[in-house]
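Subject: Structure for you, with notes

Hello,

Please find the structure below. My notes on it follow.

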Amino acid sequence: MYLYVAVAITFAITASVIAYSKGRNSLGWFLAGLLIGPFALVVAALGPVAREGIFARCGSCGEIVRAEATVCRFCNRPLGSDVPDNAQPEEAA
Ligand SMILES: [Zn+2]
């Protein structure tokens, strides 16, 4: 029983650290590690943040905005891949 608890806590801490390093909810992944052990490690290690599909980073001001937004609510610039943030004419100087 002690061994199981020690292993579960080890997985929980590891999943928490992985989740934190990837911008996820570290407390939630700590609990997930307690419950599902190594599976939490695998899921936590997968790709970037899970909420990436819901939120996107504004290319102009760097703030987090909703992915379906067409105009940034912070800087009011249009969002989308057709608006590169490094295409300012000043760069040619
Ligand atoms: Zn912006």
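The buried residues of H2 pack against helix H1 (2-21) and H3. Contact here means that the C-beta atoms of two residues, placed from the backbone, lie within 7 Å. Helices are DSSP runs of H or I with at least four residues, strands are runs of E with at least two, and both are numbered from the N terminus.

Two remarks on the source. This is a predicted model, in which local features need pLDDT of at least 70 and side-chain atom pairs count only at pLDDT 80 or more, while totals for chains, interfaces and linings use all residues. Residues are numbered from 1 along each chain as its sequence is written.

Overall

The chain has three helices and two strands, in the order α-α-α-β-β along the sequence. Of its 93 residues, 17% count as buried. A residue is buried if 20 or more other C-beta atoms lie within 10 Å of its own, exposed if 12 or fewer, and partly exposed in between, with C-beta atoms placed from the backbone. Among contacts between residues at least 6 apart in sequence, 28% join residues at least 24 apart.

Helix H2

The buried residues in H2 are Trp 29, Phe 30, Ala 32 and Gly 33. They cover an arc of only 165° around the axis, so they lie on the same side of H2; the arc is that of the directions from the helix axis to the C-beta atoms. Leu 27 and Leu 35, on the other side of H2, are exposed. Just after the helix, Gly 37 has a positive phi of about 50°.

Helix H3

In H3 the buried residues are Ala 40, Leu 41 and Ala 44. Their arc around the axis is only 105°, which puts them on the same side of H3. Pro 38 and Val 42 are exposed on the other side of H3. The cover over the buried residues of H3 includes H1 and H2.

H2 against H3

How do these two helices pack, and at what angle? H2 (residues 26-36) and H3 (residues 38-45) pack at about 140°, with their axes 6 Å apart. The axes are lines fitted to C-alpha atoms, for helices over the stretch in contact, and angles run from 0 to 180 degrees between N-to-C directions. H2 and H3 are therefore oblique to each other: angles under 35 degrees count as roughly parallel, over 145 as roughly antiparallel, 65 to 115 as roughly perpendicular, and the rest as oblique.

From H2, Trp 29, Ala 32, Gly 33 and Ile 36 meet Phe 39, Ala 40 and Ala 44 of H3. The residues of this contact divide into six nonpolar, one polar and no charged. Ala, Val, Leu, Ile, Met, Phe, Trp, Tyr, Cys and Pro count as nonpolar, Asp, Glu, Lys and Arg as charged, and the others, Gly among them, as polar.

Helix H1

- Ala 6 lies in H1 and counts as exposed, because it has 10 C-beta neighbours inside 10 Å. Its C-alpha atom is separated by 9.9 Å from that of Leu 34, 28 residues apart along the chain.
- Val 7 is also in H1 and counts as exposed, with 12 C-beta neighbours inside 10 Å. The C-alpha atoms of Val 7 and Gly 33, 26 residues apart along the chain, are separated by 9.8 Å.
- Ile 9, in H1, counts as partly exposed, with 13 C-beta neighbours inside 10 Å. Between the C-alpha atoms of Ile 9 and Leu 31, 22 residues apart along the chain, the separation is 9.2 Å.

Regards
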